[in-house]
Amino acid sequence: MQFYMPTKLYYGNDIISQHKEEMILGEKAIIVTGRNSAKITGALDDVLSVLKDFNVPYIHYDEIGENPTYEMVLKGKELAIKNECDFVIAIGGGSPMDAGKAIAVLAANPDLSPDNLFDMNNYDVALPIVTIPTTAGTGSEVTEYAVLTKPNGRKSGFKSDLIFPDVSYLDSKYMVKMNKSLTITTAVDALSHAVEGILSKKSTTISNILAREAITLIYNYLPQTLENPENIEFREKLAIASTLAGMVIAQTGTILPHAMGYRITIHKKIRHGQATALFLPLIADEVKRFNPEKTKIIEKIFGSLEEFEKFLKKIGVYDLKIEFSEEELELYSDEIMSSSHIKNTPGEYNKDKIKEMYKKITKI
Ligand SMILES: [Zn+2]
């Protein structure tokens with residue numbers, strides 16, 4: 001077994017101001033963000049003040065939307081090349097961080113198109129990457145993954161050790177302003193990473209220890225955070241949980257709930273974390289039937305898999321109305337059966353079983 005997570009992670013309150021120099025990984029930065037969150041949270045100001053202290057010029061690309069597309073990362077690539085940026089600072093939730101990773105590879109390899117990212121043999125260099133998460137969910141600050149939406153509408157992740165961020169700053173003060181629905185969808189994304197890591201065929205002793213801790217933190221602190229959203233200590237517990245869960249999937253990858261969730265994020269506009277968590281109890285049941293040892297950690301934390309589902313219900317994961325036509329189910333199940341996630345999910349799956357699972361979540 002192995003454990004590999006080469007990112008230098010600084011965490012705690014006001015952490016950027018305590019480690020300024022470590023952010024300077026080149027001579028000109030491209031700052032990659034969404035429209036608002038980097039500004040509203042104060043993270044952008046903290047970064048700009050460091051760049052100012054060290055007289056490092058930058059350009060700010062702030063057009064990354066949820067579920068970043070080829071178009072968005074290509075624009076970032078062009079800006080980085082045109083302005084001769086030699087390192088990336090990505091601030092925000094998973095979308096800006098993942099887009100920043102894609103831009104880091106594309107800008108260092110001008111001949112590559114986004115399609116080429118999905119084969120890591122196509123490149124052996126990327127710009128250095130700094131990430132600053134402003135949500136507690138994706139774990140992208142400690143992973144070698146980035147997820148993009150392809151022109152055909154399919155969400156796909158690419159993977160390369162080159163896109164492990166070089167330096168990440170985790171400060172929960174950027175997270176206290178998250179509203180309730182963002183807090184829930186991001187926390188259950190982290191929960192999905194930890195649960196899927198445990199269920200995955202690629203789980204390891206160390207990834208299970210990290211996953212157990214991440215799940216326990218979310219179980220204990222998500223309900224409390226929803227009641228006291230501005231409590232920075234609770235926010236910090238969720239931030240740590242999310243980063244631990246990121247370290248888990250850096251080892252194990254994600255499994256079927258992520259693949260199944262991607263389809264309804266794209267086609268039904270359900271946010272990523274919620275879309276994924278909907279499928280966790282169904283897949284956990286399936287895995288348990290196949291290998292009862294696999295679900296023991298989860299059962300120990302929640303009491304049972306039924307209690308796990310009740311927890312998700314209580315925090316609002318199933319508060320949605322969703323329906324699928326036969327054609328949609330045909331399309332999704334085809335896509336799922338050809339996804340890489342299915343290979344690492346214990347159990348036996350076929351198109352009918354996948355369709356049944358989609359139907360089940362419309363009735364919970
Ligand atoms: Zn996820």
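Here are legends for a set of close-up views of this predicted model.

The structure is a prediction, so local features are described only at a pLDDT of at least 70, side-chain atom pairs count only at pLDDT 80 or more, and totals for chains, interfaces and linings use all residues. Residues are numbered from 1 along each chain as its sequence is written, and side-chain values use heavy atoms, leaving out hydrogens and water.

**View 1**
Four protein atoms sit 2.1 to 2.2 Å from the zinc ion: OD of Asp189, plus NE2 of His193, His258 and His272. A donor here is an N, O or S atom within 2.8 Å of the metal (3.2 Å for Na, K and Ca), and since water is not among the atoms, sites may look incomplete. Along the chain, the donors follow the spacing D-x3-H-x64-H-x13-H. His193 belongs to helix α6 (residues 180-199) and His272 to helix α10 (residues 272-277), so this pair ties together parts that are 79 residues apart in sequence. Helices (H or I, at least four residues) and strands (E, at least two) are DSSP runs, numbered from the N terminus. What about the angles around the zinc ion? The 4 donor atoms subtend 83 to 169°, which makes the arrangement irregular. To count as tetrahedral, four donors need all angles between 85 and 135 degrees; four count as square planar and six as octahedral if opposite donors are over 155 degrees apart and all others between 65 and 115; anything else is irregular.

**View 1. Helix α9, mostly covered.**
Of the 13 residues in α9, 11 are buried. Buried means under 20% relative accessible area, exposed means over 50%, and partly exposed is in between (1.4 Å probe, protein chains only). Among the buried ones are His258, Met260, Tyr262 and Arg263. His258 also turns up as one of the zinc donors. The helix covers residues 256-268, and its end C-alpha atoms are 18 Å apart, in agreement with the 18 Å it should span at 1.5 Å a residue. (The expected span is 1.5 Å times one less than the number of residues.) Just after α9, Lys269 takes a positive phi of about 60°.

**View 2. Helix α5, largely enclosed.**
Helix α5 takes in residues 94-108, 15 residues in total. From its first C-alpha to its last it reaches 21 Å, close to the 21 Å expected. Is it enclosed or open? Because 14 of its 15 residues are buried, α5 is largely enclosed by the rest of the structure.

Ser172 sits in the loop between β8 (167-170) and α6, and it is buried at a relative accessible area of 5%. Not counting residues up to four places away in sequence, Ser172 touches Ile232, Arg235, Glu236 and Ala239.

**View 3. Thr33, tucked into a loop.**
Thr33 lies in the loop between β2 (29-32) and α2 (37-40). Buried or exposed? Thr33 is buried, with a relative accessible area of 0%. Leaving out residues up to four places away in sequence, its contacts include His60, Tyr61, Ile91 and Pro96.

**View 4. Two loop residues with a positive phi.**
Asp14 has a positive phi of about 55°, although it is not a glycine. You'll find Asp14 in the loop between β1 (8-11) and α1 (15-18), partly exposed at 35%. Asn55 isn't a glycine either, and it also has a positive phi of about 55°. Asn55 is in the loop between α3 (43-53) and β3 (58-61), where it is exposed, with a relative accessible area of 68%.

Technical notes: Contact means heavy atoms within 4.5 Å.
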